[in-house]
Amino acid sequence: DSSYVRDAYYDIAIDGTTVSDVQLQSLHGFDYIEPYTMLYTDPSYAYQAPISKTSNLFSWGPFGDPNSFFTVQVSVYSWDGSSYYGTVICRSSDTGQLVIPGSYFSSYPSGSLTSIHFIRHRTNEIYSDQLQGKIQTHVWWEVIGTGFIQ
């Protein structure tokens, strides 16, 4: 999204009053993700990224944010998208790659459509003197693509 400002700092405020000296930082997002074909949006090219019943390597960059973790979520639908079958979610450190075993998809019919979600998360707890307690924060950057069960 062109309106999203990467790596920006924001105050935490309630009703216009800043409640912490600590600021939140927006995430950088992604410069690349693989499989790249999951990003095809033209209807004639969408759903090109294969989700294998043997093994699936997903990768992204930049990576290595020590304060972040990463999830890949694959939701599965019927071949025509009319029925939802289920979702596989795997989590890892922000290492730049994640393998999801194909066995997680073995019960889904070949040819099923998928939505593929790459999500970088950053959580934190900040103490607020003004609130006399902790503020839990969660920022994330998500890219959603498409694929199919192979």
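**Close-up 1. F30, F58, W60, F70 and F118 come together as one aromatic cluster.** Keep in mind that this is a predicted model. Across the whole structure, there are 9 aromatic pairs. One of them to zoom in on is Y36 with Y40: the ring centres sit 6.1 Å apart and the planes meet at 80°, so this pair is edge-to-face.

**Close-up 2. The F70 and F118 pair bridges two strands.** F70 belongs to strand β8 (residues 68-77), while F118 belongs to strand β11 (residues 113-128), so the pair ties together parts that are 48 residues apart in sequence. Is this pair buried or exposed? Both F70 and F118 are buried.

**Close-up 3. Y36, Y40 and Y45 make a nonpolar patch on the surface.** Y40 is found in the loop between β5 (32-34) and β6 (49-51). Why does Y40 count as partly exposed? Its relative accessibility is 33%, and partly exposed covers the range between the 20% limit for buried and the 50% limit for exposed. Y36 comes out at 48% relative accessibility, so Y36 counts as partly exposed too.

**Close-up 4. R91 sits over an aromatic face.** The ring in question is that of F69, and R91 lies over its face at 3.6 Å from the ring centre.

Note on methods:
Residues numbered from 1 in each chain as written. Predicted model: local features only at pLDDT ≥ 70, side-chain atom pairs only at ≥ 80, totals over all residues. Heavy atoms only, no water. Phe/Tyr/Trp six-rings, centres within 6.5 Å; stacked < 30°, edge-to-face > 60°. Buried < 20%, exposed > 50% of the residue type's maximum accessible area, 1.4 Å probe, protein only. Helix = DSSP H or I, 4+ residues; strand = E, 2+ residues; numbered from the N terminus. Lys NZ or Arg CZ within 6 Å of the ring centre and 35° of its normal. Patch = residues over 30% accessible without salt bridge, like charges linked within 9 Å, V, L, I, M, F, W, Y side chains within 5 Å. Areas by Shrake-Rupley, 256 points an atom, 1.4 Å probe, with all protein chains shown as cover. Salt bridge = Lys/Arg side-chain N within 4 Å of Asp/Glu carboxyl O.
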